[in-house]
Amino acid sequence: MFLPQVKSKVNEDISILIKLDNYSFNFICECGDASDLTVKECQNTEAIFISHTHIDHFINFDFILRHQIGIGRRIIICGPEGITQQVQSKIKGYQWNLIEENSITYEIREIKKDGRIEIAEINPPYWEIVRLENKYPDTLYKHERFTVDFVILDHKTDSIAYLFKEGDTVKIDINKSKFKGGKWVRELKTAYEQGNETALIKIEDKDYQATELFYMLETKKGDSLGVIMDHAANEANHEKIQKLFQDCNQTFIECFYKAEDKEFAAQNFHSYSEKSAKIMKTCNVKTATPVHFSRKYKEEEVKVLLEEFYTHLK
């Protein structure tokens, strides 16, 4: 299960921390101000996902970098075309004459405009770009418990929306039977996953056909989490969003403007309360959370924006 937390305050640039239940490390989406992001959370990060590198989504990378230097691990950074050079440029803005070579490695996965994924790494002290072979060109990120897919949206620049999706799991309720646990449980699950109804499962020295035991099993659907940042509220973007995020369990979606400011939204290739809510409703998202509001809005205006969003979500 994904356990997301917005680490930026309402009047700050957006940043979202994603944790997994029963897992020590975490993941960061967007590098906005995020004054609630702790040093430990930065150090425990396995991967960073950036939608685009406008300043309000990338400004806080330096803070994260500051606390990751010295952890001696590989950190993956995913982002749009140009992200490799931009990460290197940020890092090279500092002097590194006292750093050890193995203090950290950044692996950067750059999503090209045609959807290809190019991989490179940079290491101290010189931070030169070293191109790597992409052994899994169809997968942006694969964890033992989930994968991350993406779609490229139009924000007058590429803006990457990310879908975190757990794999489905097979659960067994032994209490439905007279048997005790044993290695047969794994064998039965394997037969179920492979659709092998005739597999023989030995329990207490007796053979059973797998199909006789399937009544104890059920498939538990994996969790899903979407992070949909800056995008124009137009039909082309909405078609892409609907294709990837249909029936998503939970999403965070940008709502930069109130409905009365939709002309500003169109001019600046942003979404607004009504449109963000409607596309989430169309996608049948279970829990949709509006984030990333224009800093020109005062507290009362943000409340109006939120009311508009949840009204149109119904």
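**Close-up views of a predicted model**

**View 1. Contacts of F49.** F49 touches F27, I28, C29, E30, C78, Y141, V148, Y162 and F164, leaving aside residues up to four places away in sequence; contact means heavy atoms within 4.5 Å. This is a predicted model, in which local features need pLDDT of at least 70 and side-chain atom pairs count only at pLDDT 80 or more, while totals for chains, interfaces and linings use all residues. Residues are numbered from 1 along each chain as its sequence is written, and side-chain values use heavy atoms, with hydrogens and water left out.

**View 2. The largest nonpolar core.** This core has 28 residues, of which I18, F49, Y162 and F164 touch the most other members. A nonpolar core is a set of buried Ala, Val, Leu, Ile, Met, Phe, Trp, Tyr and Cys residues joined through side-chain atoms within 4.5 Å. Buried means under 20% relative accessible area, exposed over 50%, and partly exposed in between (1.4 Å probe, protein chains only).

**View 3. The salt bridge of K90 and D62.** The two side chains meet at 2.5 Å, N to O; a salt bridge is a side-chain nitrogen of Lys or Arg within 4 Å of a carboxyl oxygen of Asp or Glu. K90 lies in helix α4 (residues 83-91) and D62 in helix α3 (residues 61-68), 28 residues apart. Helices (H or I, at least four residues) are DSSP runs, numbered from the N terminus. K90 is partly exposed at 21% relative accessibility, and D62 is partly exposed at 22%.

**View 4. The salt bridge of E301 and K258.** The closest N and O atoms of this pair are 3.6 Å apart. E301 is partly exposed, with a relative accessible area of 27%, whereas K258 is buried at 7%.

Terms used. Helix = DSSP H or I, 4+ residues; strand = E, 2+ residues; numbered from the N terminus.
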